[in-house]
Amino acid sequence: MLGSQFTALPPLSLYIHIPWCIRKCPYCDFNSHEQSVAGGGLPEQDYINALMSDLEVQLPEFWGRTIHTVFIGGGTPSLFSPQAIADILAGVRARTRLSPQSEITLEANPGTFEMQKFAEFKAAGVTRLSIGIQSFKDAHLAALGRVHDSAEARRAVDIGLATVGNVNLDLMFALPASRTAGLAQTMDECEQDVREALAFRTPHLSFYQLTLEPNTVFAKKPPPLPDHDQAADMQERVEAMLQDAGYLHYETSAYAQPGRQCQHNLNYWGFGDYVAIGAGAHGKISTPGGHGNTAAITRTERVKVPRDYMQKALSNDPTSCVFERRVVKREDVGFEFMLNALRLNDGFPVAWFAERTGYPISLVSRALDAAEHEKLLDRTHEWIKPTALGRRFLNRMLESFLA
Ligand code: SF4
């Protein structure tokens, strides 16, 4: 429970999860399920009905608030038909106050079948495409278990730019080059991927280091990867090349041309609110308190298996599709806020803390003092910003905010 009231509620976004992929990638720990498991074609209409039911039961929790951004993620949402995406967005518009200017992102993979649909996705209301390229080299793509090759990747970017225009490319570094031959990505290969990505001049680029996540095929049978120092050198090289090309490095893995930052992700990192619908989707909603009630931030998580999610969302009790509902405790709120906001390279206004947690900044002053003393962050009365050292040792800095 929070001990104070919000002066104003944080900005609101909507996350929609589409959980199917053609094949499960061996490094992936997202809630994604192989399409074949769905049996036959994707159950689009049942899933849309479930999404709308999930949304409707949540309406009282954010009634009257404007949704500023929508992110349709997965899984591979571009496996859905353009008509299904149009129906989902129409359903959202009919039930909520969706800003007419909202950024609406769709995650897409570069398969031939999907890229043919990009223009229709735009007609359906999508304003931004995030394309999962990962690498422009066939050896890396094969080692990552991706279903597309480098020619399809290039063609998908061209089509995305020609149709939707506002495009992000997701790429990774510190890759295996072969799952069997004991080779890892070299610095030269990493640079080639960066150069190739830059040649498209997309408004946004995301570069992630491949990490071995628990419960993945790679965690059980790790492929040959660049070592820690090589990966750190690649991170520095990626940053330098993208900054030299005029991209703002505004978050740990996110780079944008000026003014083209992802508004949806900025809302996450600014500890904004987000309604979530879909199998396994996580939501965060602040309620203002008053009338004898205490202000609260509530996090929710939905049933992960698509079939079970649909069954519960379409039952007499659609709230049963939420398997976890947790009110953020006073002792956790400082860490949860910083976990997001300290990822922003330019930092954040001090006022956000009180506005978005309901607590004064003094709640975390001891940890802020310690981080400042260790030169991990700079701060004034108005602004808090991680230093280059703080960005490098982000996890260490975050530990000091743990209760
Ligand atoms: S395509 Fe993306 S979401 Fe699907 S399995 Fe691969 S990494 Fe995971």
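Select β9 and β10: they form a hairpin with 2 residues between them. Strand β9 covers residues 248–251 and strand β10 covers residues 254–256. They pair in the antiparallel sense over 3 bridges. Pairing here requires that DSSP finds at least two bridges between two strands. Show Glu251, which stands opposite Ala254 in β10.

A word on the source: this is a predicted model, in which local features need pLDDT of at least 70, side-chain atom pairs count only at pLDDT 80 or more, and totals for chains, interfaces and linings use all residues. Residues are numbered from 1 along each chain as its sequence is written, and side-chain values use heavy atoms, with hydrogens and water left out. Helices (H or I, at least four residues) and strands (E, at least two) are DSSP runs, numbered from the N terminus.

**The open sheet**

Next, select β15, β16 and β17. These 3 strands form an open sheet in the order β15-β17-β16, with antiparallel pairing. The edge strands are β15 (348–349) and β16 (377–379), and each pairs on one side only. Strand β17 (residues 383–386) is joined to β15 by 2 bridges. Pick out Pro349: it stands opposite Trp383 in β17.

Axes are lines fitted to C-alpha atoms, for helices over the stretch in contact, and angles run from 0 to 180 degrees between N-to-C directions.

**Two helix pairs**

Select helix α7 (residues 187–199) and helix α9 (residues 228–244). They pack at an angle of about 25°, with their axes 10 Å apart. The two are therefore roughly parallel to each other; angles under 35 degrees count as roughly parallel, over 145 as roughly antiparallel, 65 to 115 as roughly perpendicular and the rest as oblique. On the α7 side, show Met187, Cys190, Glu191, Val194, Arg195 and Leu198; on the α9 side, show Asp233, Met234, Arg237, Val238, Met241 and Leu242. These residues make the contact, meaning heavy atoms within 4.5 Å. By class, the contact of α7 with α9 has 8 nonpolar, no polar and 4 charged residues. The classes are nonpolar (Ala, Val, Leu, Ile, Met, Phe, Trp, Tyr, Cys and Pro), charged (Asp, Glu, Lys and Arg) and polar (the others, Gly among them).

Move to helix α1 (residues 44–58) and helix α11 (residues 306–313). How far apart are their axes? The distance is 9 Å, and the packing angle is about 55°. That makes α1 oblique to α11. Show Asp46, Tyr47, Ala50, Leu51, Ser53 and Asp54 in α1; they meet Tyr309, Met310 and Ala313 in α11. This contact of α1 with α11 divides into 6 nonpolar, 1 polar and 2 charged residues.

Select the ligand. Which residues surround it? The shell is Cys21, Arg23, Lys24, Cys25, Tyr27, Cys28, Phe30, Ser32, Gly75, Thr76, Asn109 and Arg146, with a heavy atom of each within 4 Å. By class, the shell holds 5 nonpolar, 4 polar and 3 charged residues.

Stay on Gly75. A cis peptide bond joins Gly74 and Gly75, with omega about 20°. Gly75 lies in the loop between β4 (66–74) and α2 (82–95).

Finish at Gln134, in strand β6 (residues 128–134). Check its phi: the value is positive, about 70°, although Gln134 is not a glycine.
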